[in-house]
Amino acid sequence: MDMAASLQGLAGGVLIGLSAVWLMATLGRIAGISGILSGLIWERPAGDSAWRLAFLAGLIVGPLLLVLAGGGLGNVAGEPGAVIGAPIGGTGLMLIAGLLVGLGTGLGSGCTSGHGVCGLARLSPRSLAATLVFVAAAMLTVYVVRHVPGGGA
């Protein structure tokens, strides 16, 4: 077990939780990425864009600052020297998967961060149901990919 990566994950989780609490306490807003992005693109309420842009910029700038400070991104690929693994199904499949995730966040009225982090903290029944579905789908996917013949690469 890589203790440094575990500590980075713990620190990241704490920062996500603190950012969700800060956003709710200061602006009364939920830190769900799909809602923040869709509000910026589609809804555009007057005077509501600055915090959305700042939040989204932080998602990009934060990891860049970590890399520039020499912290690295951690090895999530399982291969020495790699940061992420190559896409198994190719770029086209990744684009389709990304579009399906976007469609799912629209149908589910939010994404994993919105439901799992913020919705559960607010004791939302809808978020509990959505999070249970996310976890069940992830468990089923891992099972199929690892144990069903022809399910993996």
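Student: Before we start, what counts as a salt bridge here?

Tutor: A salt bridge is a side-chain nitrogen of Lys or Arg within 4 Å of a carboxyl oxygen of Asp or Glu. Please note that the model under discussion is predicted.

Student: How many salt bridges does the structure hold?

Tutor: There are 2 salt bridges in the structure. In one of them, the side chains of R29 and D48 meet, with an N to O distance of 3.2 Å. This pair links distant parts of the chain, its members being 19 residues apart.

Student: Where are R29 and D48 in terms of the helices?

Tutor: R29 lies in the loop between α1 (3-27) and α2 (33-43), while D48 lies in the loop between α2 and α3 (49-68).

Student: Is D48 buried or exposed?

Tutor: D48 has a relative accessible area of 5% and is therefore buried, the cut-off being under 20%. R29, at 34% relative accessibility, counts as partly exposed.

Student: Which residue forms the other salt bridge with D48?

Tutor: That partner is R52, and the closest N and O atoms of D48 and R52 are 2.7 Å apart. Both of these residues are buried. Through shared partners, the salt bridges join R29, D48 and R52 into one network.

Student: Changing topic: where is T131 found?

Tutor: T131 is found in helix α6, which covers residues 125-147.

Student: And why does T131 count as buried?

Tutor: Because its relative accessibility is 15%, and buried means under 20%.

Student: What does T131 touch?

Tutor: Leaving out residues up to four places away in sequence, T131 touches H115, G116 and L120.

How values were computed. Residues numbered from 1 in each chain as written. Predicted model: local features only at pLDDT ≥ 70, side-chain atom pairs only at ≥ 80, totals over all residues. Heavy atoms only, no water. Helix = DSSP H or I, 4+ residues; strand = E, 2+ residues; numbered from the N terminus. Buried < 20%, exposed > 50% of the residue type's maximum accessible area, 1.4 Å probe, protein only. Contact = heavy atoms within 4.5 Å.
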